[in-house]
Amino acid sequence: MFNTRYILIFIFSIFYMAKTYGQYSMENFRKYTTKQGLASNHITGIIQDTFGYLWIGTQNGLQRFDGLEFENIKMPVHSQAANIIYQLNALKGNEIGVCTQHGAYIFSTIGGNTKSLEFIVDDDFKYWAYAIKGIGKDRKGNFGVSSGTGFYVFDPDGKLLKKFEPFTKDAIGSQWLRYGRNVHTMVDGQMLQENEKGLAIYNNELDSIFNLNRYKCMTDISNANNIRYGFLNDSLMYYFPTTSKIVIFNAKTCQSFEWTMRNKKTRHFTWFSRLTILNDTTIIINGYDGIYTMKPDYTKFKFEISEKLNLEGNQFLSCLKTKDGKIILGTKDGLFVEKNKEKVIFSFKISDTIAKNLTINHIRATGENIYVSSEDDGLFVLDKKTKMIQNKINFKKLGLAYNVVNFTYQYTNDTFWISTAAGMLWFHTKTKAYGKLHFDGCKDCLQKIDVNDIFKDSKGEYWFGSNVSNYIVHTTGHKASLIRQDKDNPLLKVTSIIYFSEDPQGNMWFSSDAIARWNRNTGKVDSLTQRVQGQNSFLRGYGVYFDIDGNTWYVIAGEGLIIENQSGERIRLFQKQLIPKRGSKQFSVHNNHMVYINTQNQLVVLNMKNRQHRTYTTINGLDETAVSSLFSFDKDENKILFAVKNIAYEIGLDFPVNTIENKIIIKKITSANMKPITFPSGNVILENQNRSFMLDFGMINFEDPENLQYSYRLIPSVDTSWVELNLPHVQFSELASGKYNVELKVESKNNFRLPVVRIFRITIKPPFYITWWFLSLVFCLVVLTSAYFIKMRFNKIKKLSQLDKAIAEYEMKALHAQMNPHFVFNCLNSIKEMIISKESENASKYLSKFAKMMRATIDQSKKNWTTLQENIDYLDTYLEMESIRFENFIYTVTIENIADRREILMAPMLLQPLVENAIWHGLMKISGEKWLHIKISKVNEHIICIVDDNGIGYQNSIKQPNVHHGIGLNNIQQRIEIINQKYHLDYSLTITDKSTFGQSGTLAVVKFLSK
């Protein structure tokens, strides 16, 4: 037997509440359709998430709504039919159950992820099985799906756990397959399914589905079709459309309370009627032609049905009560959002049976009455409380133009001065007597003119400004004088005086298209301002006022307000809302409040003390038609009074502020190189490749979203001023790496909401090449590379030092060879023989050549490089000396293609040893003619030195006993190898025995790059 602790635990609790909902009127709702961004006007479901966003199911997909924008939500649907949403179910954990015509989906409102709950049925069943009517979630996270063919239960991962299918294929075509309806989650965490058999429950402990009609107390709903269910607190309410019976049921106690609605209005309810329980005292139900509110009377056990809330013939489909108490309605004709019930502007219509087209010029409230100045119908007196007309004063007997009343001025408690189109009147409020206003000394100066303004200065004197150019009436007591532009006041070039003001020194200021000052001490106009300092344009239209702190306020048409303090410093109030358009016909000042018309349907009220302002528009109840009257102030109630045609308006000067707490929500951060970040709660860290990104933010506002002003600033940045946005989307491009504070601000354009600021930190990672780990790696590589190159350099220097040492050693060997005692001894013996043989001339030549050669040898031994010419001269000296010693010795030295012999450098003492070897080891061994040819030429970049002789040949010479080749060829080869290693001059030595090609002798070739 099923354990009772798993039975539905409904706790019945009905409270007698004093609060009730009033009648709903469609005038209190704002309508949204596809024109405003709805995907479809057919609304099937509405849910509000934890942030406050509305999620709207339509027959063209899912949307999110914040009061300003409808955002389409893309879902991985199986077919186009899945875009047709039947209803939405709110689930725990920021999830929404999306019931579509082709499948059940679980959508996460935070991450935007979608999970499909799929089950397999025969193809013949799919049309009914995949038409989902409800989705629920139990305390263990299992999902319940209700469809036309049964009840299906899935685990949190979307795997099918249990199913109940009461139909077979035979039912197709023989009966309606519309078994399942809504799924509810009960207070004990179990899932309850509505179906055509009644109610079914899935017990997650027993993993079983059973029908509740097994319990006796539920038998009255067994096999009952078209029952509509709802929850009243923790109890179940269900409604029988056919019998108009409502039952509140407590399953735990098996107690029920029934009401039968005996009302003609119940005939409007039918099978599609649905219960929406707003609270214990108000239930909404839809009918044929609209929706109705039902109010249960628990003492009399009956329901009172209100008049219908007409939806213009459109069917009501869904209803939601938001967190702030607003009613949201979904219909086939769009979305309806309840407006704020708090009124800011109060209005009342002034109607008269005679003056049906009444136009109000001015309203004055004083005492218990309101005095209305009309365009053509004289003066009306209204009761202040009832707003009903008590008297109508007609001034036609003085002339028709006197019935055009511009405004009233309260001269004393019971006397008014009245401005008319024909001149000024006086009016006694108690006796209702009136007459033309005259002053001594200027009897008729206030007649046949329109007076624009009356001002009482600190001396108790009065000033009248008229529509006549430069026409001012100044009264002191019963006397009056006329001030005009003349020889005494040539600077009074102000056309049609509109505004008067008095500065702290008692001087009077007159303004309209220019500003003139009347000096109290001199009694004359002493200054004229035709363009205010700091004004940007050349537009004319001014007003001047001096506040209690001594500041001067300039109202400039088309530009705004300029405030000048007593030190001459100027501040411009340049907000968009504070720029009067050209043609703003008036402003009024009272108790440090300034009021003026900004545009046709926009009114600005500014507190000049704290410089806060409010902008009133049609959102607040202002008429779209231009304000037709002057402003006045009700001193007793601290209100502003004005009119549009025959509608009077009252606005309080306490500057109400909407204190509803709103928060700025970061919707998402998107970049081309990353997955969108949705609803980030903390700081966001972006990779360096995401330095360009879009930040979407917003604020939930279903009251006046078009009144919100969005702005942002980035810190640090070059410009830290606030940047205004048309929509709450900010694009950042190529930000440098670092930490940034993105400050977001949402404020109301009319200042009826307190500004909300949110600081959001974004960190952009530096590129990898300036990260600490990369810089550390680079530093280590630099150190290692530097150490390597230093070591290589050290080794190279060491090697070069060794080469220099080796070169010096071999050059010293060459020098020693040249200074060999045997060679010197032979030379001296040759000289001796020449002397003995009395060849004194040859001996002298030989000795001279020998000395020259010794000097050249010592000189070249001091140099690393010698010129080619020096080497040739050295060879000539040596060959001349050897030719003296030997007979039959012929030699030649040929130079080819070398024009710069003194510019070409070569290693010293390199050719002479080869020539010496050729003479002593080749030519000395033969008899007969001995010849030696030396050829030096330039081929491309190389110098080629050839030593050619006709001696015994290289191979025969090395076979001779006790024969050494002078300094030795090895010494020359070592010098060449060292020179090439150090200087890379491509030196080479080639010795060829000419016997290889049928000749006698040796061919030695030295080749090197010219230096």
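Two cavities of 30 Å³ or more turn up when the whole structure is searched. A cavity here is a set of points, on a 1 Å grid over the protein atoms alone, where a 1.4 Å probe fits but cannot get out; grid points are joined across faces, edges and corners, and a volume is the space filled by probe spheres set on the points. This is a predicted model, in which local features need pLDDT of at least 70 and side-chain atom pairs count only at pLDDT 80 or more, while totals for chains, interfaces and linings use all residues. Residues are numbered from 1 along each chain as its sequence is written, and side-chain values use heavy atoms, with hydrogens and water left out.

The largest cavity holds about 160 Å³ of space. Its lining consists of 15 residues, and those closest to the centre are Leu914, Asn917, Ala918, Tyr954 and Thr1002; a lining residue has an atom within 4 Å of a point. Two or more lining residues come from each of α6 (912–921), β71 (942–949), α7 (954–959) and β73 (1002–1009). These elements are DSSP runs numbered from the N terminus, helices being H or I with at least four residues and strands E with at least two. Helix α6 gives the largest share of the lining, four residues. Nine of the 10 residues of α6 are buried, where buried means under 20% relative accessible area, with a 1.4 Å probe and protein chains only. Among them are Leu914, Asn917 and Ala918.

Now let's move to a run of three strands. Strand β7 (residues 95–100) is largely enclosed by the rest of the structure, because six of its six residues are buried. Glu95, Gly97 and Cys99 point one way from β7, while Ile96, Val98 and Thr100 point the other way. On one side of the sequence, strand β6 (residues 85–91) runs antiparallel to β7, joined by six bridges; strands count as paired if DSSP finds at least two bridges between them. Leu88 is found opposite Val98 of β7. The β6–β7 hairpin has three residues between its strands, and Gly93 in the turn has a positive phi of about 80 degrees.

Strand β7 also pairs with β8, again in the antiparallel sense, over six bridges, and Gly97 has Ile106 of β8 as its bridge partner. Two residues separate the strands of this hairpin. Phe107 belongs to β8 (residues 103–108) and counts as buried because its relative accessibility is 3%. What does Phe107 touch, not counting residues up to four places away in sequence? Its contacts (heavy atoms within 4.5 Å) include Trp55, Leu62, Ile73, Ile96 and Val98. The C-alpha atoms of Phe107 and Ile96 are 5.1 Å apart.

Rings of Phe, Tyr and Trp (its six-membered ring) pair if their centres lie within 6.5 Å; planes under 30 degrees apart count as stacked, over 60 as edge-to-face and the rest as tilted. Trp463 and Phe510 form a tilted pair, because their planes meet at 45 degrees, with ring centres 5.7 Å apart. This pair links distant parts of the chain, with Trp463 in strand β40 (residues 462–466) and Phe510 in strand β44 (residues 508–511). Trp463 is buried at 0% relative accessibility, and Phe510 is buried at 0% too. Elsewhere, ring pairs join Tyr409, Tyr411, Trp417, Phe439, Tyr462 and Phe464 into a cluster.

Key:
Buried means under 20% relative accessible area, exposed over 50%, partly exposed in between (1.4 Å probe, protein chains only). On a 1 Å grid over the protein atoms alone, a cavity is a set of points where a 1.4 Å probe fits but cannot get out, and a pocket is an open set with protein on both sides within 12 Å along at least five of seven lines; lining residues have an atom within 4 Å of a point.
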